[in-house]
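Please read the following briefing alongside the sequence and the coordinates. It moves from the whole chain to single residues.

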Amino acid sequence: MRDRIEELQKQVQEMQVQNAEELEAMRIRYLSKKGEITALFSEFRNVAADQKRELGQQLNQLKQTAEAKLNELKEQYEAAREQADKQDLTRTPDPIALGTRHPLSLVKEEIIDIFSRIGFTVEEGPEVEDDRHVFGMLNFAPEHPARDMQDTFFVEKEEGVQKPDDILLRTHTSSVQTRVMTRQQPPIRVLCPGRVYRNEAISARAHCFFHQVEGLYIDKNVSFADLRQALLYFAKEMFGPDTKIRLRPSYFPFTEPSAEMDISCNICGGKGCGFCKQTGWVEILGCGMVDPNVLESCGIDSKEYSGYAFGMGVERITNLKYRVKDLRLFSENDVRFLQQFEAC
Ligand code: DAH
């Protein structure tokens, strides 16, 4: 009997089960009324009296081991089942990593979306431009400081390569206005997004390249009131229905009259804060009525047509919308920054 107890002790300790049925089968095999351990208890009656004490202890020990082992297996099995129940079997096996959109693209798309709802379509022009389209046809005087090397990147002439004079990187998207107006007669209603370049030292507040969106509307009887209304609509759509606008007189060679537009500071709601330097207003764009000289230089009759134009910096709007203070973040491609736009 001793051998049998030892053998069962070993078997019981090595017991493994995969599911509830196997577990129950083990219980029946060892501990049920007809089980092997129960059978040993029946046999125990016939054991010689001098061995009863020792074998009795071993037998009890075997029973306890079997019960403990079955309990342990039961717990293990239940924990595994609970875990399995928590799994969502409808999930795709490989999680799809969502890409993020660049904040400047998000804002550019939003600007386009807002203006497309009032009939604007998108036009693009070259980044490598000539002096005529960037300055000359836009009424810049020949000695205007914007034409200076300090502000503009000129493309150097290569020896032996025939190139027109004064090739440069466009300093503003207003150059696309002149391209559109020379190839199309009014009505014109376009939005021109794009990258522009200026010869500036890179810092948190300035960069040698940035992005603008230009707007141009030319038709019969276009007035300053139309311009104001379009810009008020844009400001409310972009920054919320409570946003107010203010137009301050300004000067641009290609518009007359010209203005700069402020919106009520969307950070403090116009009460005054550090961001708006306590004024309650922040500047977001330049605008005005297209100068008749510009229309004429592009072949549009300024007696018949008039129009408005505006230009805004995409970084500036993004800064206001997402509170990104340092311009350099936009071009450093740091994923820790870019990933924050995942849900946008
Ligand atoms: N081109 C100007 C700039 O880069 C912005 C601008 C001002 C564009 C007035 C316009 C405008 O179309 O009418 O600062």
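This is a predicted model: local features need pLDDT of at least 70, side-chain atom pairs count only at pLDDT 80 or more; totals for chains, interfaces and linings use all residues.

Residues are numbered from 1 along each chain as its sequence is written, and side-chain values use heavy atoms, with hydrogens and water left out. The protein chain holds twelve helices and nine strands, where helices (H or I, at least four residues) and strands (E, at least two) are DSSP runs numbered from the N terminus.

**Overall form**

- The radius of gyration of the protein chain is 40 Å, whereas a compact globule of 344 residues would have a value near 20 Å; the radius is taken over C-alpha atoms, and the globule rule is 2.2 Å times the number of residues to the power 0.38.
- The C-alpha trace spans about 130 × 55 × 40 Å along the principal axes of the protein chain.
- Among contacts between residues at least 6 apart in sequence, 66% join residues at least 24 apart, with contact meaning heavy atoms within 4.5 Å.

**Surface and charge**

- Of the 344 residues, 40% count as buried, a class defined as under 20% relative accessible area, with exposed meaning over 50% and partly exposed lying in between (1.4 Å probe, protein chains only).
- The accessible surface of the protein chain comes to about 20000 Å², and carbon and sulfur atoms account for 48% of that area; the areas come from the Shrake-Rupley method with a 1.4 Å probe, and for residues only the protein chains shown count as cover.
- The chain carries 45 positive and 55 negative charges, whose mean positions are 7 Å apart; Lys and Arg count as positive and Asp and Glu as negative, without His and the chain ends, and each charge is placed at NZ of Lys, CZ of Arg, CG of Asp or CD of Glu.

**Helices and their buried residues**

- Leu62 has its place in helix α4 (residues 49-86) and counts as buried because its relative accessible area is 0%.
- Leaving out residues up to four places away in sequence, Leu62 touches Ile5, Leu8, Gln9, Val12, Ile37 and Leu40; the C-alpha atoms of Leu62 and Ile5, which are 57 residues apart along the chain, are separated by 7.0 Å.
- Helix α5 (residues 103-116) has 14 residues and reaches 20 Å from its first C-alpha to its last, close to the 20 Å expected at 1.5 Å a residue, where the expected span is 1.5 Å times one less than the number of residues.
- The buried residues of α5 are Pro103, Leu104, Leu106, Val107, Ile111, Ile112, Ile114 and Phe115.
- Ile112 counts as buried because its relative accessible area is 16%, and beyond its neighbours within four places in sequence this residue is in contact with Val122, Leu191 and Pro193.
- Between the C-alpha atoms of Ile112 and Val213, 101 residues apart along the chain, the separation is 8.6 Å.
- In helix α10 (residues 314-322), the buried residues include Val314, Ile317 and Leu320, and the helix is followed by Arg323, whose phi is positive, near 55°.

**Cis peptide bonds**

- The peptide bond from Pro186 to Pro187 is cis, with omega near 5°, and Pro187 lies in the loop between α7 (174-183) and β4 (188-197).
- Glu256 and Pro257 are also joined by a cis peptide bond, with omega about -5°, and Pro257 is placed in strand β7.

**Loop positions**

- Asn221, in the loop between β5 (209-219) and α8 (224-239), has a positive phi of about 60° although it is not a glycine, and it counts as exposed because its relative accessibility is 72%.
- Gln278, in the loop between β7 and β8 (281-290), has a phi near 65°, a positive value in a residue other than glycine, and is exposed because its relative accessible area is 58%.
- Pro253 lies in the loop between β6 (245-252) and β7 (255-264), yet counts as buried because its relative accessibility is 7%.
- Not counting residues up to four places away in sequence, Pro253 touches Leu138, Asn139, Phe140, His144 and Asp291.
- The C-alpha atoms of Pro253 and Arg27, 226 residues apart along the chain, are separated by 95 Å.
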